[in-house]
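Hi,

Here is the structure I said I would pass on to you. Please have a look at it first, and then read on for what turned up.

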Amino acid sequence: MSHVLHRNLRATQPVIVRGEGNFLIDDKGKRYLDACGGAAVSSLGHDNAAVRAAVAAQMDQLAFAHTGLFTNTPAEALADHLIARAPEGTGEGRVMYLGSGSEAMEAALKLARQYHLERGDSARAKIIARKPSYHGNTLGALAVGGHAGRRAPFAPMLMDVEHIDAAYAYRLQREGESEADFAQRLADQLEARIVELGPETVAAFVAEPVVGASLGSQPAPVGYFKHVREICDRHGVLLIADEVMCGMGRTGSLFALEREGICADITTMAKGLGAGYQPIAAVMARESVIDAIMAGSGNLWNGHTYMSHAVATAGALAVLQEVESRDLLGAVRARGTQLETALHQRFGQHAHVGDIRGRGLFWSIELVADRASKTPFDVSRNLAGKIQRAAMEAGMICYPSQGCADGTAGDHVLLAPAFTSPPEEIEMTVEMLGQAVDGVI
Ligand code: PLP
C-alpha cells in the first residue's frame, strides 16, 4: 500500500526509476517514450548532462539563503538572461521566482493589483480571463481559469472573475469569417466587457498566448494580441500573459508572445523553465510596472520562503543556456513542422479527429463523435484519458484533456515532445498515437 496521496487513490502507478534520453524507464524495465514531457515540461529529455552538472555544482556551493536578506549569483544571472531576451518593450524589467505555475499566476495577479494601488487606482481589482482556460490549481489561479468542471467543487471559495471567449477557432470562428475578422470580434468582446464593468475597476486581462491544457495547443488568430494590447492600453488595464506552458521555447520562440509582436505587462513562465530538472516558475514584469512600484512603496508585496532558490535558478539558467547554445529553438521549428505534417497525414481524414492545431513542438488533436457536425463526445466517457492509458500500455506517453461538460471544449490529446527529439521519435509518436486512438474509439 502506498502512503503517497496520489491523484488517483485507486490506481497502482508504475514506479519510474530512470530517465534515458526522451524515455522513462520503470522498475520492471519497461520503457516509455515521453512524447508530452509531463505536460510540456521536459523540453531537454530526462538525462541532460549540462543541467545535471550545473545543479550539482550549485549544490556544492550554496543551496539556500533567505532572499529577504540576500540575493545570489544564479538568480541574478537567470533574470539577466530572461530580460535580455524578453519581448521588445520589456525594458529594464525584473523577474521574481516561484515554485510552480500556479504560484506564478497568484503572484502575477497580486502584482497587477499592487501596480494599480501604487498609482492610486484603488478601485482596479477585477480580472477578466477567458473560457476555456487553465491557469493553475491554487484558489486565485483556479478562479481565473475558465473550466467549469475544474472550478465546480471549489466554486464557493473562488473570487469573482469575468470570462470572455477564448480564441478557439475550431468552435468559435464563424462560417465564412476571415481570421482577421475573427480576431477583431474576439477583441471587441474584451473591450465591451471592460466598458461594461467600468474601466476604472478592471485590473488585468489574463490570457495564454497559445492555450495549453484546456484546449490542447491553440494559437490565437493573427492580430488578436495586437488588438488586445491596444484595448488594454486604452483602458489602463494590465495584460498578463500566462506562458507557463507555451513559453520557454515550446512554440518555437523563447516567449510565445514574441510571435504576436507585442509585449505583456506581466508574463508568467514555469514548465520549460526548469524543464523538470528543478521545480521553478517566474513572473516577469516590464519596466513600467517596476517604475510604478519604485515611485510608490518600493517593496514587493509578495514573498515566499523559496523565492530565488540558488539551485533552482542555476538549473533553469543551464536549461536556457542549452536551448540557446544548441539552437534548440531552430530544432523546435524543424521538428514541429515534421510533427504537424505527420499528424495531418495520420489524422487529417480520421472520422473522430475534428481538429489538429498547434505551433512549434506543441500539437494536439481534438476528438469528436461526428466530424461534420463537430459534436463532441460525452465527456464522462473520458476518451482522451483512455487513449493516454492505451498509449502508455504500448510504451508512449501523451497528455489527455477532458472537454468541458458545458460544451465549450471537446476532449483532446496533447503532444509536446522534447526539443531534442530525433525525427524517428516524432514518427514513432504519431504512429503510436494513431494506434491508441483507433484502439479506443
Ligand atoms: N498556467 C498554465 C497555462 C498551465 O498550463 C498550468 C499547468 O498546467 C499552470 C498555469 C499551473 O502550473 P502548475 O501546475 O505548475 O502549478
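On one side of helix H2, Ala49, Ala53 and Asp60 are exposed, a word used here for residues with 12 or fewer other C-beta atoms within 10 Å of their own. On the other side of H2, Val51, Ala54, Val55 and Gln58 are buried, where buried means 20 or more such atoms within 10 Å, partly exposed covers the values in between, and C-beta atoms are placed from the backbone. H2 itself (residues 49-61) has 13 residues and spans 18 Å from its first C-alpha to its last, close to the expected 18 Å at 1.5 Å a residue, the expected span being 1.5 Å times one less than the number of residues.

A word on conventions. This is a predicted model, in which local features need pLDDT of at least 70 and side-chain atom pairs count only at pLDDT 80 or more, while totals for chains, interfaces and linings use all residues. Residues are numbered from 1 along each chain as its sequence is written. Helices (H or I, at least four residues) and strands (E, at least two) are DSSP runs, numbered from the N terminus.

Now to the domains. There are two parts, domain 1 (16-48 + 327-440) and domain 2 (53-325), with bounds that come from an automatic or database domain assignment. Their C-alpha centres lie 25 Å apart. Across the boundary, 35 residues of domain 1 are in contact with 32 residues of domain 2; contact means that the C-beta atoms of two residues, placed from the backbone, lie within 7 Å. On the side of domain 1 that touches domain 2, the elements giving two or more residues are helix H1 (37-40), helix H13 (328-347), strand E13 (353-358), strand E14 and strand E17 (412-415). H13 gives the largest share of that side, 5 residues. By class, this side of domain 1 has 16 nonpolar, 12 polar and 7 charged residues. For those classes, Ala, Val, Leu, Ile, Met, Phe, Trp, Tyr, Cys and Pro count as nonpolar, Asp, Glu, Lys and Arg as charged, and the others, Gly among them, as polar.

Next, the strands, which are said to pair if DSSP finds at least two bridges between them. E1 and strand E2 (residues 23-26) are antiparallel and share 4 bridges, with Arg18 opposite Ile25 in E2.

Strand E10 (residues 238-243) is largely enclosed by the rest of the structure, because 6 of its 6 residues are buried. Leu238, Ile240 and Asp242 point one way from E10, and Leu239, Ala241 and Glu243 point the other way. E10 runs parallel to strand E7 (residues 202-207), joined by 4 bridges, and Ala204 has Leu238 as its bridge partner. E10 is also parallel to strand E11 (residues 266-269), again through 4 bridges, and there Ile240 stands opposite Ile266.

Strand E4 (residues 94-98) has 4 of its 5 residues buried, so it too is largely enclosed. E4 pairs with strand E12 (residues 281-285) in the antiparallel sense over 5 bridges, and Tyr97 faces Ala282 in E12.

Finally, some backbone details to check by eye:

- The peptide bond from Lys131 to Pro132 is cis, with omega near -5°; Pro132 lies in the loop between strand E5 (126-131) and helix H5 (139-144).
- Asp327 has a positive phi, near 45°, and is not a glycine. Its place is in the loop between H12 and H13, and Asp327 counts as exposed because it has 12 C-beta neighbours inside 10 Å.
- Lys374 also has a positive phi, of about 60°, without being a glycine. Lys374 sits in the loop between strand E14 (363-367) and helix H14 (383-394), and is partly exposed, with 14 other C-beta atoms within 10 Å. Leaving aside neighbours within four places in sequence, Lys374 is in contact with Arg171, Gly354 and Val368.

Best wishes
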